[in-house]
Amino acid sequence: MISFHLARADNGVIGRDGQLPWRLPADLKRFKAQTMGRPMIMGRKTFESFPAPLLGRRHIVLTRDTAWSASGAEIAHSVEEALALAGEDAAVIGGAEIFALFLDRATRIELTEVHLDAEGDASVPAFDPARWRETAREAYPAEGERPAYAFVTLERRG
């Protein structure tokens, strides 16, 4: 199974300056639960946004830079190489370019819809309902500074 794990604002924004443009502790907790023990495929910028490699998970970094290396990262230079390293089960965690590269191979999307129009420099378009069907949704209201959000699971049609 290849699954996507991302939080996306209503306007498509997923990041700003290498960080999330919002603070949603429940989303981070869900991300941890869904990725623990699994190989994660990500781009170099996503890997570099972490203060340190995340415990309990493999970090497969897809990069065009053949000279790049980092402690805790397994390096791949193609989608096929990343999938060969990951095996049968991989969590794709971003960024936007990586999601685009794996979109045709993903079977599930674990999406946090963040109900705001965020300012950012990385975005992902909405997922086509002709290709994806919603199989689960948990909605949460805004609270204080925290925007309303929903945890949504999408499964590939057909």
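Visitor: On what basis are the residues numbered and the features selected?

Guide: Residues are numbered from 1 along each chain as its sequence is written, and side-chain values use heavy atoms, with hydrogens and water left out. Because this is a predicted model, local features need pLDDT of at least 70, totals for chains, interfaces and linings use all residues, and side-chain atom pairs count only at pLDDT 80 or more.

Visitor: Over what arc around the axis do the buried residues of H3 lie?

Guide: The buried residues of H3 are Val 79, Ala 82, Leu 83 and Ala 86. The arc is that of the directions from the helix axis to the C-beta atoms. These residues are on the same side of H3 because they cover an arc of only 95 degrees.

Visitor: Which residues of H1 are exposed on the side away from its buried ones?

Guide: In helix H1, Asp 27, Arg 30, Phe 31 and Thr 35 are buried. Their arc of only 115 degrees around the axis puts them on the same side of H1, and they pack against E1, E3, E6, E7 and E10. On the other side, the exposed residues are Lys 29 and Ala 33.

Visitor: With which side chain does the side chain of His 5 make a polar contact?

Guide: His 5 is in strand E1 and counts as buried, at 5% relative accessibility. A polar contact is a pair of N or O atoms within 3.5 Å; within protein, one must be able to donate a hydrogen and the other to accept it, and residues adjacent in sequence count only if both atoms are side-chain atoms. At 2.7 Å, the partner of His 5 is the side chain of Ser 3.

Visitor: Is the ring pair of Phe 4 and Phe 99 stacked, tilted or edge-to-face?

Guide: Rings of Phe, Tyr and Trp (its six-membered ring) pair if their centres lie within 6.5 Å; planes under 30 degrees apart count as stacked, over 60 as edge-to-face and the rest as tilted. By this rule there are 7 aromatic pairs. The centres of Phe 4 and Phe 99 are 4.9 Å apart and their planes stand at 50 degrees, so the pair is tilted.

Visitor: How many residues apart in sequence are the parts tied together by Phe 47 and Trp 68?

Guide: Both Phe 47 and Trp 68 are buried. With centres 5.8 Å apart and planes at 85 degrees, the pair is edge-to-face. Phe 47 lies in helix H2 (residues 44-49) and Trp 68 in the loop between E4 and E5, so the separation of the parts in sequence is 21 residues.

Visitor: What positive phi does Asp 17 have?

Guide: Most residues other than glycine have a negative phi. Asp 17 is in the loop between strand E2 (13-15) and helix H1 (25-35), and is exposed, with a relative accessible area of 63%. Although Asp 17 is not a glycine, its positive phi is about 55 degrees.

Visitor: Is the peptide bond from Gly 94 to Gly 95 cis or trans?

Guide: Gly 95 lies in the loop between E6 and H4. Most peptide bonds are trans. Here omega is near 5 degrees, and the bond from Gly 94 to Gly 95 is cis.

How values were computed:
Buried means under 20% relative accessible area, exposed over 50%, partly exposed in between (1.4 Å probe, protein chains only). Helices (H or I, at least four residues) and strands (E, at least two) are DSSP runs, numbered from the N terminus. Contact means heavy atoms within 4.5 Å.
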